[in-house]
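Thank you for asking for comments on this model. The notes below are set out as numbered points, to be read beside the coordinates.

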Amino acid sequence: MVKPSVLVTRRWPAAVEAQLAENYDTVLNTGDKPMSPADIRDALKRYDAVLPTVTDTLNAEALDVDGAQTKIIANYGVGYSHICEPSARELGMTVTNTPDVLSECTADIAMTLLLMVARRAGEGERELRSGNWTGWRPTHLVGTKVSGKTLGIIGFGRIGQQMARRAHHGFGMKIVVQNRSRVEPELLQQCNATQVDSVDDLLPQCDFVSLHCPGGAANRNLINARRLNLMKPDAFLINTARGEVIDEWALIQALMFEMIGGAALDVFDGEPRISPDLLQCDNLVMLPHLGSATREAREAMGFRVLDNLGDFFAGRAPRDRVI
């Protein structure tokens, strides 16, 4: 029996690659470099399945293929805004993602960022490493207390819910939620959370705002200059969602002119390119897209892709189909 052919666009955990090689006629991107639209088009003509990541841009140009051999794009990650949905539908492709398995680890990073920016941990480490620390003093790097403060969560999916649990049960934070649909009352009750109707309603109430909403065109610049002005002047913005959700130029202005207390980012618009102006903001913590970067999460993501491939090639509906 001929095994389906599969292209993996980046290096994955070794255990997952080994299982893929056993189950399928698998080709790995051993150079581990993002693929160009031309590379993607070529792959769609040659493989039964393509397994991309968030670093692969499967836009209309990349999906402009006649007679594609690929029938399933099994994405390694939750977000799929990098895949052009109309083009995928036009080609009749199934698209899947990997929910659930990275929610806890991504929420851990969001909570890490929140604590770091509140307690000025990034500034402190930079000072130590540069040799500029002169010793303890009462006024040195005074930060903001986290326990008991109000956290606003924009996007109350799996990751947002995990963030709420950590903040409420771990730090006694009051939780305010904005979500595109109504949240079940029993789900809100788990963290004594309150849902508001709009982002504009949420922002003025919160000491911390954490973004967990989808990316893509619909949410591009969701947090813009007007909405940054709605935040408290000492409030903090946390983003582990997608870089395009924040207008980075507006954020730079808000940070440089101390219109908000600070920000902490794990994702960036156009990453890995980082605006040089962001690097000048001391009241900003930055991490290189580490949300799901644990061995447990990254392996689980890969095995979830394998589950979806197994279902698809056995003629079953993949449980994580999004397109």
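1. A search of the whole structure, which is a predicted model, finds 0 disulfides, a disulfide being a pair of cysteine sulfur atoms within 2.5 Å. For Cys105, the closest cysteine sulfur belongs to Cys191 and lies 18 Å away, which is too far for a bond. Cys105 is also buried, with a relative accessible area of 16%, and Cys84 is likewise buried, at 19%; here buried means under 20% relative accessible area, exposed means over 50%, and partly exposed covers what lies in between, with a 1.4 Å probe and protein chains only.

2. Residues are numbered from 1 along each chain as its sequence is written, and side-chain values use heavy atoms, with hydrogens and water left out.

3. The structure holds 4 aromatic pairs, where rings of Phe, Tyr and Trp (its six-membered ring) pair if their centres lie within 6.5 Å, and planes under 30 degrees apart count as stacked, over 60 as edge-to-face and the rest as tilted. One of these pairs, Tyr24 with Phe313, is tilted, at 5.8 Å centre to centre and 50° between the planes. This pair links distant parts of the chain, 289 residues apart, since Tyr24 sits in the loop between helix H1 (14–23) and strand E2 (25–28) while Phe313 belongs to helix H11 (residues 295–313); helices (H or I, at least four residues) and strands (E, at least two) are DSSP runs, numbered from the N terminus. Tyr24 counts as buried at 7% relative accessibility, whereas Phe313 is partly exposed at 31%. Together with Phe312, Tyr24 and Phe313 form one aromatic cluster.

4. Which residues make up the nonpolar patch on the surface? Leu128, Trp133 and Trp136 form it, with about 450 Å² of accessible area together, the areas coming from the Shrake-Rupley method with a 1.4 Å probe and, for residues, only the protein chains shown counting as cover. Trp136 lies in the loop between helix H5 (121–129) and strand E6 (150–154), and is exposed, with a relative accessible area of 73%.

5. Two loop residues deserve a look for their backbone angles. Leu141, in the loop between H5 and E6, has a phi near 45°, a positive value in a residue other than glycine, and is partly exposed at 22%. Asn192, in the loop between helix H7 (185–189) and strand E8 (194–196), has a positive phi of about 50° although it is not a glycine, and is exposed at 59%.

6. A cis peptide bond, with omega about 10°, joins Glu271 and Pro272, and Pro272 is placed in the loop between strand E11 (262–265) and strand E12 (284–286).

7. Thr240, in the loop between strand E10 (236–239) and helix H10 (248–256), is buried, with a relative accessible area of 10%. Thr240 and Leu211 are 29 residues apart in sequence, yet 6.4 Å apart in space, C-alpha to C-alpha.

Definitions and conventions
This is a predicted model: local features need pLDDT of at least 70, side-chain atom pairs count only at pLDDT 80 or more; totals for chains, interfaces and linings use all residues. Patches are made of residues with over 30% relative accessible area and no salt bridge: like charges are joined within 9 Å, nonpolar side chains (Val, Leu, Ile, Met, Phe, Trp, Tyr) within 5 Å. A salt bridge is a side-chain nitrogen of Lys or Arg within 4 Å of a carboxyl oxygen of Asp or Glu.
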